[in-house]
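Please keep the sequence and the coordinates in view while reading.

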Amino acid sequence: SINLVWYQMVGEVDYYGSLQAQLDYKNINWQMPARNYSLSFPIDTHHNITLVMLDTTPFISSYKNSTNENMNNQILEQSIKNQTRWLESTLSKHHHEWVLVFGHHPIYSWHGGVNEDLKTTILPLLQKYRVAAYICGHEHDLQHLNNGYLDFFVSGAGGRAHFLEPTKPQEYTLWHSD
């Protein structure tokens with residue numbers, strides 16, 4: 001067996017069931033202490049890397065009208081203002097370190113273009129605090145994009161690959177693979 005620690009983050013599918021059950025689950029190899037959390041690790045004696053896990057589902061306006069009552073209730077419990085304040089506070093404390101932010105949903109995507117909800121709420125903070133990269137999943141392929149300020153990586157091919165043509169080819173795409 002692989003004895004690795006897996007740091008989890010929340011995606012929209014987790015809202016269909018009991019997200020709290022996942023947060024309550026305790027296992028040395030499964031780490032998801034909260035919907036939003038950060039971890040810092042030393043790179044060498046003078047430098048750290050900080051990983052910031054952000055639950056992006058509440059930011060997506062289309063999920064607020066889900067036909068799934070469980071999803072609606074859990075999303076409506078969230079405060080985007082509180083999450084945004086938490087993200088800014090976390091980034092401001094670690095601005096001198098190498099910071100990677102992880103979220104489930106892409107801000108920019110080869111298939112879907114721009115996620116306006118995340119572009120207007122999260123992206124300004126990532127740019128303000130000079131985050132090294134935003135890493136996400138959601139789309140079932142691999143992508144590398146750059147908007148001139150920040151690298152974006154989509155790594156969602158673990159589930160299954162989609163062989164789709166882009167609906168809105170993204171101008172920031174550096175690399176894409178189904």
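## Terms and basis

Two strands are said to pair if DSSP finds at least two bridges between them, where strands (E, at least two residues) and helices (H or I, at least four residues) are DSSP runs, numbered from the N terminus. This is a predicted model, in which local features need pLDDT of at least 70 and side-chain atom pairs count only at pLDDT 80 or more, while totals for chains, interfaces and linings use all residues. Residues are numbered from 1 along each chain as its sequence is written, and side-chain values use heavy atoms, with hydrogens and water left out.

## Strand E10 and its partners

Strand E10 (residues 151-155) pairs with E9 (residues 142-146) in the antiparallel sense over five bridges, and with E8 (residues 133-136) in the parallel sense over four bridges. Phe-153 of E10 stands opposite His-144 and is also the bridge partner of Ile-135. E9 and E10 form a hairpin with four residues between them, and Gly-148 in the turn has a positive phi of about 100 degrees.

In a regular strand the side chains alternate between the two faces of the sheet. In E10, Phe-152 and Val-154 make up the covered face, whereas Asp-151, Phe-153 and Ser-155 belong to the uncovered one.

## Aromatic pairs

Rings of Phe, Tyr and Trp (its six-membered ring) pair if their centres lie within 6.5 Å, and planes under 30 degrees apart count as stacked, over 60 as edge-to-face and the rest as tilted. By this rule the count comes to four aromatic pairs. One of them, formed by Tyr-108 and Phe-152, is edge-to-face, with 5.0 Å centre to centre and 85 degrees between the planes. Because Tyr-108 lies in strand E6 (residues 108-109) and Phe-152 in strand E10, the pair ties together parts that are 44 residues apart in sequence.

Tyr-108 is buried (under 20% relative accessible area, with over 50% being exposed and the range in between partly exposed; 1.4 Å probe, protein chains only), at a relative accessible area of 4%. Phe-152 is buried as well, at 1%. Ring pairs link Tyr-108, Tyr-134 and Phe-152 into a cluster.

## The whole chain

The chain has five helices and eleven strands, and of its 178 residues 43% count as buried. Among contacts (heavy atoms within 4.5 Å) with a separation of 6 or more, 64% are accounted for by residues 24 or more positions apart.
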